Amino acid sequence: MIGRKRFRAAALCLPLLLAAFGAEARPADTTYDPIVDAVVARYHLPGIAVGVIENGQVVYTATRGETVAGSGQPITPETLFKIASNSKAMTTALLGRLVDQGKLAWDDPVTKYLPDFRMADPWVTKNMRVADLLTHSSGLPEGGGDLMLWPEPNAFTRQDIIHALRYIQPGYSFRSQYQYDNLLYVVAGEVAAAAGGAPYETLMHREVFAPLGLSRCQVGTWSRDAVGNVAQPHYHKDGRNLAMRQDGPTIPAITSDPAGGIRCDLTDMLGWARNWLAPTPAQLDWLSATQRRVLQSPHMLIPISDQRRAWDHSHVMAYGYGWRMADVDGQWMVWHTGTLGGMYSMLALLPDRRSGFVFMINGEAEDARTVLGEVLTKHFTAPGDGRGVAWYADALDDEAAQHPAAARAPDASGATTVAARTFAWSGRYRDPWFGEIMLCPRDGTVQWAARRSPRMHGTVRQLGKRYLVHWDDPAVDLDAWLDPHAGSPPTLTMAKLDPKGDFSSDYEDLHFERTGDCP
């Protein structure tokens, strides 16, 4: 691993250093500062790091807030954030490197590298190519199996995921439509490991971070204090930002690393972006022009929302390998976002302009990301648009207010804790892919507990005629309906209390059967 002095291979990385630290930068504070400040104020963000590239050069960097709210430790350009699903583009770049090296082909069957790989349909198993792992068109339902990845940490391994895929029922036919998933990026990481002859984390450091000089980016096991300056995620409660899931002294490797486990700072993310917008000859040697085109070409169409049609005048939207892309106000844009329990990010490229931006936030920021991403995009694609932060934020608020009652989460404040003596469904239950849960009495209540996901522990309550599980960990923010069904054996199904909640809380894919009594 490259040391903390940020030594970088001069031939590859000197241009990145010059731009990142101001030698090539132009002052743009008066353009971008008001935008950033307005978003921070509107959404009460705990911390943010923002950078903008124009015509291949870094022209603006800004940081606001703290690594932990109230700590006095400021966010800086060297603060590490979880980049979440922006990790996917790094994973596909690693695969592209292996293709360039002749160790892998996009059309190779997955089973060539992972003989135990199985999908629910044997025909799909046989015909699943490496490329199919990357385009969200495998047949897996949206977010299918994500409860094996999050909340973290948990005890699911990558081999567990490869085995469990055969039990997740398809939500649509193979290669017929786009439905976002994460599990197959974990599988892609294992394909890279098999083809590259080393663990995924080792390959990422060796083949991506080191050649590009991304010396602060981290994946795998590392020391919080040795690396230093690490932002922590937050949730918003009663008008305050509260840190959650704070890192211990050792950050472990996690199963989800290839799908969303990488952390980087602003300086390295801008270097990563410039590698795509204005690559040096050395960077073109690192990854060929052919593979760059493959990664950022459309491979699966994505339905265009009414909002995107209205705001961006988009006609085509697609997914490449680890990247989304669309026409925006007549200009081609390539981007991805990242979302992971109190961390939000976005990296956007306008290749024809050699321009783009990146930002990372360490708090609840779904709407903030949408607004900031839109306003920064319009600076390039529609500079005379005139709609700023307040306009887009108000539009999102108006849209949310117009959702029908059936599409909103019910008010669960009146839910009552279920007494164990009145609950007829206690016992051990098992789902084929998620494994065992315990639904058992404790201190007069009924507790739901997953054997391999310790943060998924909660209390059974009743709201009207239905049961629900209220999770103990505030970071597991989507409570779930719990619906028992009589039979032999009895079964349980679950669903998100908020029907518009994060798809990674894929309770709807769980089908538990009772296997025995409580201990």
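1. **H2 against H14.** In this predicted model, helix H2 (residues 29–43) packs on helix H14 (residues 366–381) with the axes 10 Å apart and an angle of about 165 degrees. Angles over 145 degrees count as roughly antiparallel, and H2 and H14 therefore fall in that class. Their crossing is right-handed. H2 contributes Thr-31, Tyr-32, Ile-35, Val-39 and Tyr-43 to the contact. From H14 come Asp-367, Ala-368, Val-371, Leu-372, Val-375, Leu-376, His-379 and Phe-380. By class, the contact of H2 with H14 holds 10 nonpolar residues, 2 polar and 1 charged.

2. **H3 against H6.** Here the partners are H3 and helix H6 (residues 183–196), packed at about 30 degrees with axes 10 Å apart. The cut-off for roughly parallel is under 35 degrees, so H3 and H6 are roughly parallel to each other. The crossing of H3 and H6 is left-handed. On the H3 side, the contact is made by Lys-88, Thr-91, Thr-92, Leu-94, Leu-95 and Leu-98. On the H6 side, Tyr-185, Ala-188, Ala-192, Ala-195 and Gly-196 take part. The contact of H3 with H6 counts 7 nonpolar, 3 polar and 1 charged residues.

3. **H3 against H10.** Helix H3 (residues 87–100) also meets helix H10 (residues 266–277). Their axes come within 13 Å and cross at roughly 50 degrees. H3 and H10 are therefore oblique to each other. The crossing of H3 and H10 is left-handed. Ala-89, Met-90 and Ala-93 of H3 touch Met-269, Trp-272 and Trp-276 of H10. That contact has 6 nonpolar residues, with no polar and no charged ones.

4. **Confidence.** The mean pLDDT of the protein is 94, and 94% of the residues reach 70 or more. Among the elements, strand E13 (residues 344–350) has the highest mean, at 99. Helix H1 (residues 10–20) has the lowest, at 40. Over residues 1–26, pLDDT stays under 50. The model has 55 contacts beyond four places in sequence for residues 1–26. Where pLDDT is low, the predicted coordinates should not be read in detail.

5. **Cis peptide bonds.** Most peptide bonds are trans. A cis bond joins Glu-152 and Pro-153, with omega about -5 degrees. Pro-153 sits in the loop between helix H4 (122–127) and helix H5 (158–164). Another cis bond links Ser-488 to Pro-489, where omega is about 5 degrees. Pro-489 belongs to the loop between strand E21 (480–485) and strand E22 (491–496).

6. **Positive phi.** Most residues other than glycine have a negative phi. Asn-229 is not a glycine, yet its phi is positive, about 60 degrees. Asn-229 lies in the loop between helix H8 (224–227) and strand E5 (234–237). With a relative accessible area of 28%, Asn-229 is partly exposed. Asp-329 also has a positive phi, near 50 degrees. Its place is the loop between strand E11 (324–328) and strand E12 (331–339).

7. **Ser-137.** This residue is in the loop between H4 and H5. Is Ser-137 buried or exposed? At 2% relative accessibility, Ser-137 counts as buried, because the cut-off for buried is under 20%. Beyond four places in sequence, Ser-137 touches Tyr-172, Phe-174, Arg-175, Ser-176, Gln-177 and Met-300. Ser-137 and Tyr-319 are 182 residues apart along the chain, while their C-alpha atoms are separated by 9.8 Å.

8. **Val-418.** The loop between strand E15 (416–417) and strand E16 (427–431) holds Val-418. Val-418 is buried, at a relative accessible area of 6%. Leaving out residues up to four places away in sequence, Val-418 touches Phe-423, Gly-444, Thr-445, Val-446, Val-460, Arg-461, Gln-462 and Tyr-467. Leu-468 is 50 residues from Val-418 in sequence, and the C-alpha atoms of the pair are 9.6 Å apart.

Definitions and conventions
Residues are numbered from 1 along each chain as its sequence is written. This is a predicted model: local features need pLDDT of at least 70, side-chain atom pairs count only at pLDDT 80 or more; totals for chains, interfaces and linings use all residues. Side-chain values use heavy atoms; hydrogens and water are left out. Axes are lines fitted to C-alpha atoms, for helices over the stretch in contact, and angles run from 0 to 180 degrees between N-to-C directions. Helices (H or I, at least four residues) and strands (E, at least two) are DSSP runs, numbered from the N terminus. Angles under 35 degrees count as roughly parallel, over 145 as roughly antiparallel, 65 to 115 as roughly perpendicular and the rest as oblique. A crossing is left-handed if the near helix is turned anticlockwise from the far one by less than a right angle, and right-handed if clockwise. Contact means heavy atoms within 4.5 Å. Ala, Val, Leu, Ile, Met, Phe, Trp, Tyr, Cys and Pro count as nonpolar, Asp, Glu, Lys and Arg as charged, and the others, Gly among them, as polar. pLDDT is the predictor's confidence in each residue, from 0 to 100. Buried means under 20% relative accessible area, exposed over 50%, partly exposed in between (1.4 Å probe, protein chains only).
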